[in-house]
Amino acid sequence: MDGRLRWGLAAVCTLLLVIGGRLVQLQGLDHGKYSGAAAAQRTSTITLRALRGEIVDRDGTPLAYTSDAQDITADPKQIPKKERQKYANKLAPLTGTPAATILKLLRVPKSQYAVLATALSPKQAQKIIDLQKVGIYTQATTQRQYPGGTTAANIIGTVHSDGEGAAGLEAEYNGVLAGRNGSETYAVASNGTVNPSSQPQITPARNGSTIKLTIDQNLQYMAQQYLDRAVPESGAKDAEMAVLDAHTGQVLALASSGTFDAANPNTIDPNAPIDPPVMSAFEPGSVQKAITFAAALQQKVITPRTIISVPDAIRRGGVRIADAWTHETSPFYATGILAESSNVGTLKIADRLGPKIWDHYEKLFGVGQKTGIELPAESSGYLPPLKDWSASTFANLPFGQGESMTILQLASIYQAIANDGVRVPPRIVSSVTNADGAVRATRQPTGIRVISPSTSKTLRTMLESVTLPGGTGVKAAIPGYEVAGKTGTAQQPQSSGGAYSSYKNWDTFAGMVPADNPQFVVAIMVDNPAHGVEGGDVAAPLFHEIASYELAHAKIVPTGAKAKYTPLQDCKGQDPRFLPADVCHA
């Protein structure tokens, strides 16, 4: 065999080896990849979207739900250039999208897909379909609905444009509400149509769960109305409130003035907290004195008729502590110190306890601690650690200055007093119902024994004196019912200098009704009312309105009990002509 023949044979053999190797690779090693690609060309998969779960109130009234909606899209290439302005003018009023925006979307070079409007109702979308415009299409989507608008918006929160939770319970429970999308895969012919002989493979969507809250929509709505009216009337910055069930600690209402519309995220103030009742802490002032008196009664260092000589000012740790009014040194009963809200008398009672015991009861009542409410970004408030106290710290704390709390935490303090001394951390989610109907009740926290039942009963009687003649909270009184509560007027810190303002206050009132058999607790805070008015002038009347509504709404009838008046001062041997008639009669 000559050389040329041998070289030709070698070349043929080499070519055959290369072709054989490639066949082995295609049919063996790469078989899975290419068969998968071929299958992908013969099948199509669509997403089966899960329906977001509802949020309902304690009676099942929907506060948030998802409905069918339509997005409006366009294929600009199908729309003649000279017609685009007419399209924009015609579609703008029907989509809510400015004509200039639509025209800009239709002019994007080489664009074949533009979203002109999202989540229109079926009725709105039908008006656009009826135009029969070439290149305009609809595609199915969903829309989150909030039928109450602003009602409970601070609690519910809102969602992003893609339907994911953005704030409030919508964000905190997003995984529960969102459910899980499914899919459907089906065979298609070479021309892209569905192959009728094929069997689609379906992974069903799992719809989101329904969250049932403890709040009452009617009470929530009315509370917001009262707050929204009180703020401009008092010239205040804003106001907050919380209503708790006296025995379970469940939240019946949790509101703030001027809240946003959950259906319109553009109404959210980016410079303000979404949910002030759990996110914003304030200094409580004298409303917090209830803790000092609870501790003193429990430790048996006072009784309601303990007489304490009270001047109108004293010095503690280099700080001058004064009462809100000028008076001669007077023999106050402990009840009178509470009813007339004497800072000096309260501090004298706190001295009998001492810092360690007083601090112990503050912590028992939950001051400086998160409640654990199922809402995002809860503030813990602030209670200075005992080890960091200066000589003057204990001169301010017993009457609510130098510490802070949210309105929910304030309500929780009074819930413990109303519930015979057992504090039940407040909760707002009652149950979760899965898409298959299975109901899972949320676990309620174990109550914490703070004071004894007898101490609670005695303290409630003393707190009743606040709303009786001579007390600071007479405007909270409700005819036919015994009301126990406490006013507060806390100076706000100045923005600079480390001192307190002489005219900016947090005005508060917290109380329970009926005092002889408490059913619910209401706590109010009004931020910086005009003219430096006090809690008894602004917060107490709000308590009266909200508590009166709830008594009627919950059909709580008067018990028939009448408050027994306790004298506020020991007036023996003193000339009654020079003494207030409402503090000395027995």
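Visitor: In which loop is the place of A152?

Guide: The model is a predicted one, in which local features need pLDDT of at least 70, side-chain atom pairs count only at pLDDT 80 or more, and totals for chains, interfaces and linings use all residues. Residues are numbered from 1 along each chain as its sequence is written, and side-chain values use heavy atoms, with hydrogens and water left out. With helices (H or I, at least four residues) and strands (E, at least two) taken as DSSP runs numbered from the N terminus, A152 is placed in the loop between β5 and α6 (153–156).

Visitor: What is the phi of A152?

Guide: Most residues other than glycine have a negative phi. A152 is a residue other than glycine with a positive value, and its phi is near 65°.

Visitor: Why is the packing of α11 and α17 called oblique?

Guide: Helix α11 (residues 289–298) and helix α17 (residues 453–464) have axes 10 Å apart and pack at an angle of about 135°, where axes are lines fitted to C-alpha atoms over the stretch in contact and angles run from 0 to 180 degrees between N-to-C directions. Angles under 35 degrees count as roughly parallel, over 145 as roughly antiparallel, 65 to 115 as roughly perpendicular, and the rest as oblique. The angle of about 135° is therefore one that makes α11 and α17 oblique.

Visitor: Which residues of α16 and α17 make their contact?

Guide: Helix α16 (residues 407–418) packs on α17 at an angle of about 115°, with the two axes 8 Å apart. On the α16 side the contact is made by Y414, A416, I417 and A418, and on the α17 side by S456, L459, R460 and L463.

Visitor: Which residues lining the largest pocket are the closest to its centre?

Guide: On a 1 Å grid over the protein atoms alone, a pocket is an open set of points where a 1.4 Å probe fits, with protein on both sides within 12 Å along at least five of seven lines, and lining residues have an atom within 4 Å of a point. Grid points are joined across faces, edges and corners, and a volume is the space filled by probe spheres set on the points. The largest pocket holds about 870 Å³ of space. Among its 30 lining residues, the closest to the centre are T142, H160, S161, D162 and G163.

Visitor: From which element comes the largest share of the lining of the largest pocket?

Guide: By class, this lining has 10 nonpolar, 14 polar and 6 charged residues. With 6 residues, the largest share of the lining comes from β5.

Visitor: Which residues lie nearest the centre of the second largest pocket?

Guide: About 700 Å³ of space lies in the second largest pocket. Its lining divides into 10 nonpolar, 18 polar and 7 charged residues. Of the 35 residues in that lining, those nearest the centre are S286, A324, N343, T489 and E534.

Terms used:
Ala, Val, Leu, Ile, Met, Phe, Trp, Tyr, Cys and Pro count as nonpolar, Asp, Glu, Lys and Arg as charged, and the others, Gly among them, as polar. Contact means heavy atoms within 4.5 Å.
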